[in-house]
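Here is a briefing on one protein chain.

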Amino acid sequence: MFYRFFLRPLLFLLYPEYAHHLTMGIMSWAVNTPFLKHLIKKKFKNNYYDKPLSIKNLTFDNHLGLAAGFDKNAQYLHVWEALGFGHVEIGTVTPRPQKGNPKPRLFRLPSDEAMINRMGFNNDGVDVVVERLKNYRKKGKVGHRRKYWKKQNNSQ
C-alpha cells in the first residue's frame, strides 16, 4: 500500500533512469545497514525459493534469478543477495567502457505497465566489472554471457 499510493507516484515524477539509480542507491545503503538488511531479508524470505535448483552441471542456491541488463556493472550484487536472488546474470559488459545510447533512453508506458528500454550497452567496461566480481565474496552465482567483438580498424 505504501508503495502503490506514495512511493510509486513519487518515483513516476522522476525520469525513469534517474528513478532506477536513486532506488538502487537507497537499496544499497539499506542492505549495508545491519538492522535494515535483516528486515529486508526477512520480508523477502520465501521457502519455495530456498530450495536448491540443479540444471545440468550447475547448482543454484534457489530458483529465483535476475536476468541480464538490470545490473550491467555488477554494482548491486549485495542487494540481490539480500532480496533473495540465488543467481544473477550481469552485463552486457564490453571490452571498454561506453556510455550507451543518448538520453532519454528509457520510457514508461503506465497504461501497459511496461517500459521501453533503448539504453544500449552502457557499462563500466570489463576491467572495472572484473575487479568488482573479485571483491564480491558472498554466496550466490553470478554469470555473464561471453561476447566477443572483432577489432574494428577505425581511421579516427
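F107 stands opposite I116, a residue of β6. The model is predicted: local features need pLDDT of at least 70, side-chain atom pairs count only at pLDDT 80 or more, and totals for chains, interfaces and linings use all residues. Residues are numbered from 1 along each chain as its sequence is written, and side-chain values use heavy atoms, with hydrogens and water left out.

- β5 and β6 run antiparallel, joined by four bridges.
- Two strands pair if DSSP finds at least two bridges between them.
- Strands (E, at least two residues) and helices (H or I, at least four) are DSSP runs, numbered from the N terminus.
- The two strands form a hairpin with four residues between them.
- In the turn, E113 has a positive phi of about 50°.

**The largest pocket**

- The volume of the largest pocket is about 1300 Å³.
- Closest to its centre, of 38 lining residues, are A19, H20, T23, M24 and F70.
- A pocket here is an open set of points on a 1 Å grid over the protein atoms alone, where a 1.4 Å probe fits, with protein on both sides within 12 Å along at least five of seven lines; lining residues have an atom within 4 Å of a point.
- Grid points are joined across faces, edges and corners, and the volume is the space filled by probe spheres set on the points.
- At least two lining residues come from each of α1 (2-11), α2 (16-31), α3 (34-43), β5 (106-109) and β6 (114-117).
- α2 gives the most, with twelve residues.
- The lining has 22 nonpolar, nine polar and seven charged residues.
- Nonpolar covers Ala, Val, Leu, Ile, Met, Phe, Trp, Tyr, Cys and Pro; charged covers Asp, Glu, Lys and Arg; the others, Gly among them, are polar.

**Aromatic pairs**

- The structure holds three aromatic pairs.
- One of them, F2 with F6, is tilted, at 5.2 Å centre to centre and 35° between the planes.
- Rings of Phe, Tyr and Trp (its six-membered ring) pair if their centres lie within 6.5 Å; planes under 30 degrees apart are stacked, over 60 edge-to-face, and the rest tilted.
- Both F2 and F6 lie in helix α1, four residues apart, about one turn of the helix.
- F2 counts as exposed because its relative accessibility is 56%.
- F6, at 44%, counts as partly exposed.
- The cut-offs are under 20% relative accessible area for buried and over 50% for exposed, with partly exposed in between (1.4 Å probe, protein chains only).
- W80 and F85 pair edge-to-face, at 5.8 Å centre to centre and 85° between the planes.
- W80 is buried, at 5% relative accessibility.
- Ring pairs link F70, W80 and F85 into a cluster.

**Charges over F12**

- R8 lies over the face of F12, 4.4 Å from the ring centre.
- R108 also lies over the face of F12, at 4.3 Å from the ring centre.
- The criterion is NZ of Lys or CZ of Arg within 6 Å of the ring centre and within 35 degrees of the ring normal.

- P102 sits in the loop between β4 (87-89) and β5.
- P102 is exposed, with a relative accessible area of 58%.
- D127 belongs to helix α5 (residues 126-135).
- D127 is exposed, at 59% relative accessibility.
- D127 and T94 are 33 residues apart along the chain, and their C-alpha atoms are separated by 9.4 Å.
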